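Take a look at the chain below. Keep it in view as you read this short report.

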Amino acid sequence: MDGEAAGAPELRPARAPQDFHFYPMDLYDPEDRLHLFPEEHLQTGREVQAEMTGEPKGAAPRDLEEDVEELVHLYALGDGSEWDAELVDGSSPHLEVWEQRPRMAGAHRDWSLGAEAEAGDRGCAGWGAPAPSRDLREAYRYSHGRASEEYECYVIPEEEDEDEAALVFCVTCKAPVRALEFSDEHREHEVTPLSKALESAKDEIHKNMFKLEKQIIEMENFANHLEEVFITVEENFGRQEQNFESHYNEILETLAQKYEEKIQALGEKKKAKLETLYGQLVSCGENLDTCKELMENIEEMCHEEKVDFIKDAVAMADRLGKFLNTETDVEISAQPDFEDQTLDFSDVEQLMGSINTIPAPSAPVINPQTPNSATGSSVRVCWSLYSDDTVESYQLSYRPMQDSLPGKDPEEFTMTVKETYCSVTNLMPNTQYEFWVTAQNRTGPSPASECVVYMTAPSPPIIKSKEIQSCEEAALICWESGNLNPVDSYTVELTQAETPEPSGVTESVVGIPTCESLVQLHPRQSYTVYVRALNMGGPSARSDPVTIYTTGSCFQLNEHTCHPWLTISEDGLTVVRSERKTLAKEPLPSNTRFTRCVAVMGNLIPIRGRHYWEVEVDERVDYTVGVAFEDVPKQDDLGANCLSWCMRHRFASSRHKYEFLHNKMTPDIRITVSPRKIGILLDYENSKLSFFNVDISQHLYTFSCQFYCFVHPCFSLEKPGCLKIHNGIAMPKHVAFY
């Protein structure tokens with residue numbers, strides 16, 4: 001081995017990636033060794049090269065020297081001259097392939113880091129630098145194997161081998177099963193391809209995600225409702241706290257006032273009693289002094305002589321008589337007992353009772369309607385309170401504002417709600433409703449608010465598909481309002497079929513006042529058209545869709561101009577004159593309907609440019625086709641005046657006669673091949689009207705016209721038969737030259 005290794009070309013040291021296994025295999029080994037790997041992923045290097053270079057799989061093999069150069073370049077082995085010589089001589093170079101030891105689970109390291117250190121530990125020669133090794137790994141991931149004439153080396157990443165081996169999914173075990181493990185254990189189980197099981201799992205996850213999103217929306221709405229109820233409860237209890245505090249302060253003020261009043265009254269009574277007693281006490285003292293003085297004088301008189309005694313006794317007797325005749329008040333004017341004071345707390349008791357009594361709320365105020373907030377059957381009404389009232393519920397009442405029968409008022413409806421808003425449903429579309437609201441608590445209801453008018457959104461319009469006219473550059477869309485009351489405006493929404501926008505709308509035309517709109521479009525496209533009606537309440541739902549094609553000019557026959565003898569098909573593209581007798585009376589002259597000329601007009605879009613349509617005719621039927629102004633006389637034949645340009649066909653005795661009429665004049669033209677389908681080109685830009693034989697692409701005749709306004713296609717049948725119109729078709733090449 002050493003000698004052979006010494007003779008081999010020196011290889012540059014490098015490090016093998018840890019997640020690769022190398023399996024040396026001879027091209028002449030038995031084929032059953034290849035069955036360890038899925039056949040659809042086994043490719044040789046030559047097959048991979050054929051896929052990369054676009055060579056066919058059955059191409060002849062290349063020269064051995066070319067393969068050697070490719071191997072040398074791929075493995076970064078330097079100069080390949082020595083290898084070429086050895087392989088050409090028939091001697092195979094010897095490569096020492098390092099067998100990687102099994103690694104423990106989880107021992108994953110980045111093999112691109114620490115190249116020099118790990119290469120020295122392993123003693124592995126024959127590997128390039130980390131960058132070539134990375135390129136080599138990417139190359140093998142792409143090719144899943146590389147082969148030469150004498151030596152073949154397969155590189156299988158461990159992760160990829162595991163993924164590719166799990167080809168089926170066991171539904172019973174709910175686990176992927178390797179192709180090699182599909183034994184008796186899973187033979188009775190239900191299995192399905194892994195890709196199908198993956199798609200089924202994805203669909204189930206998407207369904208659950210949709211349900212989860214729906215539940216999230218419901219929970220968010222419920223959370224918003226709880227938040228509003230929380231705020232309402234907090235506001236109500238806050239108002240009650242303020243009410244209780246104000247009543248409590250009022251009671252304290254009343255008690256303090258009564259205390260001051262009672263104290264003042266007691267003081268005044270005390271003062272009056274004391275003053276009375278003091279006056280009595282002073283009077284009693286004065287009387288007592290007088291008595292003492294008289295006693296002393298009498299005692300002195302008793303010791304006097306008789307003559308003096310008698311003289312003084314008479315005077316003293318008079319004095320004593322007067323004193324004794326004077327009444328002395330010996331009764332106490334003010335009793336010392338305290339009189340019971342009856343305190344009147346009736347007003348305080350009333351205040352105490354008012355603490356538990358809530359005043360009736362004041363009248364709420366309804367907010368004006370928010371634009372674009374209504375639907376065709378519902379409105380959202382909001383109101384507010386401008387005072388700190390305590391409210392338990394609201395009574396919302398409404399009635400439609402319609403002309404009712406004399407003596408009969410419109411029916412009123414009432415709803416009870418807790419919040420300061422309410423969504424009213426089951427309403428009539430595009431109708432005004434009058435709303436008013438009252439607030440209620442345990443005391444009673446508030447006065448009613450002022451009435452406010454709300455309006456529901458309109459009903460969706462109805463597109464008149466038979467009256468839609470289009471060409472390559474525009475379309476005239478007509479519709480019915482679908483509402484009894486007038487609306488503010490309409491919106492036309494168009495969705496281009498080939499390049500739909502994420503929102504589903506390619507273009508919108510807004511603010512349309514009438515029930516028709518001329519919309520500019522792109523040629524050779526298909527559009528889905530919707531119409532919405534708008535009022536102050538909001539937009540209506542979309543109308544039923546109608547598809548418009550801008551491949552060519554599209555129009556239908558106008559039944560309002562049709563002669564009574566003609567019948568128009570449901571699609572508006574075929575006119576028939578049946579075998580029946582003439583009417584007993586001719587129709588009365590009209591400015592819109594043909595009366596003498598058995599004809600009908602078509603509704604062509606009023607757009608200048610080029611319009612093309614075809615008419616399928618019967619060779620044995622007398623007909624007239626062309627164009628005419630809208631005010632063409634309805635009693636004259638087509639082409640008999642200066643307001644129409646027509647091609648007329650007459651059939652008699654197996655002979656065909658063709659005339660190109662304008663103002664009763666026709667050129668001398670003979671048509672040898674009777675057309676079965678006539679092409680008509682209306683060219684506003686060049687003021688021309690051309691006729692063609694579609695079957696043989698033959699130009700028949702061209703009028704030079706003077707179009708002072710838009711014209712309409714016209715068709716006439718002078719004998720029983722039918723004409724079938726083909727429009728909305730692309731202009732043929734032979735027509736485009738005219």
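The report goes from the whole chain to a few of its residues.

## The chain as a whole

This is a predicted model. The chain has 738 residues, and 35% of them count as buried. Its secondary structure consists of twelve helices and 34 strands.

## The surface

The chain exposes about 45,900 Å². Carbon and sulfur atoms supply 53% of that area.

One nonpolar patch lies on the surface. Its members are Phe244, Tyr248, Leu252 and Leu255. Together they have about 380 Å² of accessible area.

## A closer look at tyrosine 248

Which helix holds tyrosine 248? The residue lies in helix α9, which covers residues 194-302. Its relative accessible area is 43%, so tyrosine 248 counts as partly exposed. The band for that label runs between 20% and 50%. Tyrosine 248 is also one of the residues in the nonpolar patch.

## The cysteines

How many disulfides does the structure hold? The count is zero. A disulfide needs two cysteine sulfur atoms within 2.5 Å. For cysteine 284, the closest cysteine sulfur belongs to cysteine 291. The two sulfurs are 9.3 Å apart, so they are too far from each other for a bond.

Is cysteine 562 buried or exposed? Cysteine 562 counts as buried, because its relative accessibility is 6%. The cut-off for buried is under 20%.

Methods: Residues are numbered from 1 along each chain as its sequence is written. This is a predicted model: local features need pLDDT of at least 70, side-chain atom pairs count only at pLDDT 80 or more; totals for chains, interfaces and linings use all residues. Side-chain values use heavy atoms; hydrogens and water are left out. Buried means under 20% relative accessible area, exposed over 50%, partly exposed in between (1.4 Å probe, protein chains only). Helices (H or I, at least four residues) and strands (E, at least two) are DSSP runs, numbered from the N terminus. Accessible areas come from the Shrake-Rupley method with a 1.4 Å probe; for residues, only the protein chains shown count as cover. Patches are made of residues with over 30% relative accessible area and no salt bridge: like charges are joined within 9 Å, nonpolar side chains (Val, Leu, Ile, Met, Phe, Trp, Tyr) within 5 Å. A salt bridge is a side-chain nitrogen of Lys or Arg within 4 Å of a carboxyl oxygen of Asp or Glu.
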